Amino acid sequence: MKASPAPLLAVQDLRTRFHTLDGVVNAVDGVDFDIHRGETVGLVGESGCGKTVTALSILQLLRRPPAEIQGRILFRGQNLLELDGEEIRKIRGQAISMIFQEPMTSLNPVLTIGDQISEGSRVHEGLTRQKAWHWAVEMLRRVQIPDPDARAREYPHKLSGGMRQRAMIAMALSCNPQLILADEPTTALDVTIQAQIMDLMLRLKEEVATAVVLITHDLGIIAEMASRVVVMYAGKVMEEAPVKNLFKDPRHPYTRGLLGSVPVIGRKVQTGRRLREIPGVVPSLLRMPQGCRFHPRCPEAKNICREQEPSMVSLGEHRRVNCWLEIENPEKEAPAPGQGGME
Amino acid sequence: MTEINPKAAPGKNQAKGLDSPLRRSWVKLRRNKAALVGGTMILIYAACALLAPVLFSGNPSAPNLAKSLDPPSIDQLLGTDELGRSILGRIIHGSQISLLIAVGVVSFGLILGVPLGLVSGYYGGKIDFGLQRLTDMLLAFPGFLLALALVAILGVGLKNTVISIGISMVPIYIRLVRGCVLSVREEIYVEAARASGTRDRVILLKHILPNVMVPITVQTSLGMGTAILFAAGLGFLGIGVQPPTPEWGAMLGSARVYIFNAPHAATFPGIAIFLAVLSFNLLGDGLRDALDPRFKL
Amino acid sequence: MALLEVQNLKKYFPVKKGILSRTIGFVRAVDRVSFSIEQGETLGLVGESGCGKTTVGRAILRLIEPTSGQVRFNGRDLLGLDRETLRRVRASLQIIFQDPYSSLNPRMNVGQIIAEPIRNHLEISSAEIKERVAHLMEKVGLHPEQMSRYPHEFSGGQRQRIGIARALALNPLLIICDEPVSALDVSIQAQVINLLAQLQEQMNLSYLFIAHDLSVVEHISNRVAVMYLGNIVELANDQELYRNPLHPYTQALLSAVPIPDPEVQKKRIILQGDVPSPLNPPTGCAFHPRCQKREDICWLKEPEFRVLGGDHWVACHLN
């Protein structure tokens, strides 16, 4: 995938804070990444890492206050955070659209599917009701929903989980966006339905060449669908790499731990019944540890890790690590993931 | 061995397991100004009730016709009623009556309503069906009319006032408890208790009841306000607590005819009723918010 | 003799309609399920939503009463026992639940939660109970000093450990694990899976491991049963199932699992249509509408669940 010179979306030093009764929660604490036209970038992390908040910050779907967003989000060169309400509204659903995790609750139960999909084209492209409806049916056909005419007239509760997610994808694509933010689009689905949706998304990607930010915790989906991966932990980026490099040669101890802790069918014959675990828990965002935020759980933590936060080290094009170990001995050979236990 | 780091929000009292749901509720309640106002007023009333003989010595019901319907003055801060009795004194003594009625009524509701609601909700079946139809019948009457009807059967006086209003409160508790039990019954931790071998009776007492206490507590506070209001209503109509006992509603009733020439005689008992009911409502609302288990995870 | 033997277990839920709640049909949540588990073994039960795997777990414990069938645990048929005897037998047959947030009573502290099974079955002093609870907490990787804390003060993974401690309290022989890691983060999943494996070795426990994630199930199980719409369609030991899946549904399921390795090029079997509802099951083989290899017999007759050499069972006409 040849990257065009200027990225479609460039997130720079994004900081999203929430002011709560218990204190300030730094949900996103200095995140940068960019994405080019037609690319699929995976945003990977566990709960509390800030990946969903990042997506919501891009589209400014967070209530401010209690949220406070700082930094720059450059879309086609323009800083989205400087736009006013009306301007950002024009972008939402048209230039940038979003797919949410729970198809059950992201669709309005009192509107038909057709109505919800046509809303975007009516509002953004000024189509008449009839034309928008036809377009909506066309979109449903595109996402391979059988008998799209009839489906468009139905209400969400009549559709299965897989169908609803397809409808959501149809909605997201209806105005030909340049960027789609997909937040855990298949997590709530059964595995065979997930396979259908992934197959659909891969096919659509070929047809439409939309850039996708794919947010998920599932490394399998990332391996199949993303060309580049950004690994997040506790509000910061820990590592970024092209997908093959990330899986073959993970540089950050968290990435290694993550890759090792996922059970893979057939692997236990080689690696035994014990999974590589990352000890401890994700820290509370209210009480972040000093120094590198991963150090309490890191098997390779050094003294400096406990005292100071590391800075990002660049290892090449779209390849960087946020770790002292890289700064100190950059040529160190990283052990392959999933080998042996940790204790 | 994995390193343990409980993901708890910062707090002062976690060391000794003091961060119980109860304590968290207390903290939330303290922050609610309306509830604090309500609670304080109730305490004032309670103080009046307990210290009535001290605050106002002498017989509050002894007539003194010479001073009939005197307006408020330095001597008599709230004036006198049609029989020359101190309204302030009667209101203070009346707080004893009203709180007694309030406590008596909710006790009825609690003692009869809670167990029936628990059994009805947990076991279901024919018991539940029968009980619910009975409750339906009772609830078909608006609360006050039910109390009225019962007074017509039982007669007037303090005891019968408490019984009548008490009985009208029982179906409310049954319904409330039953509804709560139905939802708690489906919680996974109840299933876990059964899998652990806990007997039904114990499940009801140790798992279901503590989680049902929340709506019960709220209803009890609101119910006390309602009880005072209903008692005042019956007293006003002359079929509740009988004179000369200083019940606020009865005071209001007998002062009604003098409303134009001596408004103070009716106004002050009316304010007493109003403030009492208001404070129980404010406290009840505050409790509802504070006890709501929205844990800040 | 196996520790647990399940024969032709059925659970049908009546569907009622109308004012008089007439029964107009049945939901066959579990339909003739048979399997066995030996001491010290883990049997994985995997399937998608609506397949009935959760109901199987609950029916074995009689938390839901089975419609018919046989469940022999340690030689005794559980379905014939009276309530009191069942209660006592349950000491050896425990369960861990999926949701760490609702499986613990929010108004009880951790010590009370773990002690509950002990109190139900043993007459021992409070001091002894406390000691046992402390020991159990250590065993699952929690600090005993936190005994007086409440569930909301713990993370999801820790709450799951509390649930495990509770299940271990009476030294059970078999634990039914109902999606124990599905609600947890990936790194915490690994911790809990390792813990369960470790406990199994230490205590010679058996597990019925119910989950929808095939990778997790394959990892922890010795044998795996695949369920579809209330029936077990295939049962084999884990390596055999993965290398030589015989039932088309198992093949599709295995191919659908995304592999965290970008080098692997997957030839996916994409199933058409949705997972059907158990309210209206297809005739004949329940899987036939979505099966690419179906033949006429598949919609005419239900296939038998038979063994094909070496303890590999399948329910499919094509085998």
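## The nonpolar core

The largest nonpolar core has 264 residues. Those with the most contacts inside this core are A:Val213, B:Ala227, B:Ile228, C:Leu208, C:Phe209 and C:Val226. The biggest contributor is helix H8 of chain B (residues 200-236), which gives 16 residues to this core. Both assigned domains of chain A take part as well: the core draws at least three residues from each of domain 1 (9-226) and domain 2 (256-328). As you explore, please keep in mind that this is a predicted model.

In soluble globular proteins, nonpolar side chains tend to be buried together. For a close-up, take B:Ala227, one of the residues with the most contacts inside the core. Setting aside neighbours within four places in sequence, B:Ala227 is in contact with B:Ile101, B:Ala102, B:Val105, B:Val106 and B:Ile165.

## Chain C on its own

Let us turn to chain C, whose secondary structure comes to ten helices and twelve strands. Its radius of gyration is 21 Å, close to the 20 Å that the globule rule gives for 319 residues, so chain C is as compact as a globular protein of that length. Along its principal axes, the C-alpha trace of chain C spans about 70 × 60 × 45 Å.

Inside chain C, buried residues make up 51% of the 319 residues. Of the contacts in chain C with a separation of 6 or more, 63% are between residues 24 or more positions apart.

## Where chain C meets chain A

This contact takes 34 residues from chain C and 39 residues from chain A. The largest share comes from H6(C), with eight residues.

## Two domains in chain A

Back in chain A, the domain assignment gives domain 1 (9-226) and domain 2 (256-328). Their C-alpha centres lie 29 Å apart. The contact between these two domains takes nine residues from domain 1 of chain A and six residues from domain 2 of chain A.

On the domain 1 side, strand S2 of chain A (residues 23-35) provides the largest share, four residues. The residues on that side of domain 1 divide into three nonpolar, four polar and two charged.

Key
Residues numbered from 1 in each chain as written. Chains lettered and ligands numbered in written order. Predicted model: local features only at pLDDT ≥ 70, side-chain atom pairs only at ≥ 80, totals over all residues. Domains from an automatic or database assignment. Contact = placed C-beta atoms within 7 Å. Helix = DSSP H or I, 4+ residues; strand = E, 2+ residues; numbered from the N terminus. Nonpolar A, V, L, I, M, F, W, Y, C, P; charged D, E, K, R; others polar. Rg over C-alpha atoms; globule rule 2.2 N^0.38 Å. Buried ≥ 20, exposed ≤ 12 C-beta atoms within 10 Å, placed from the backbone. Core = buried A, V, L, I, M, F, W, Y, C linked by C-beta atoms within 7 Å.
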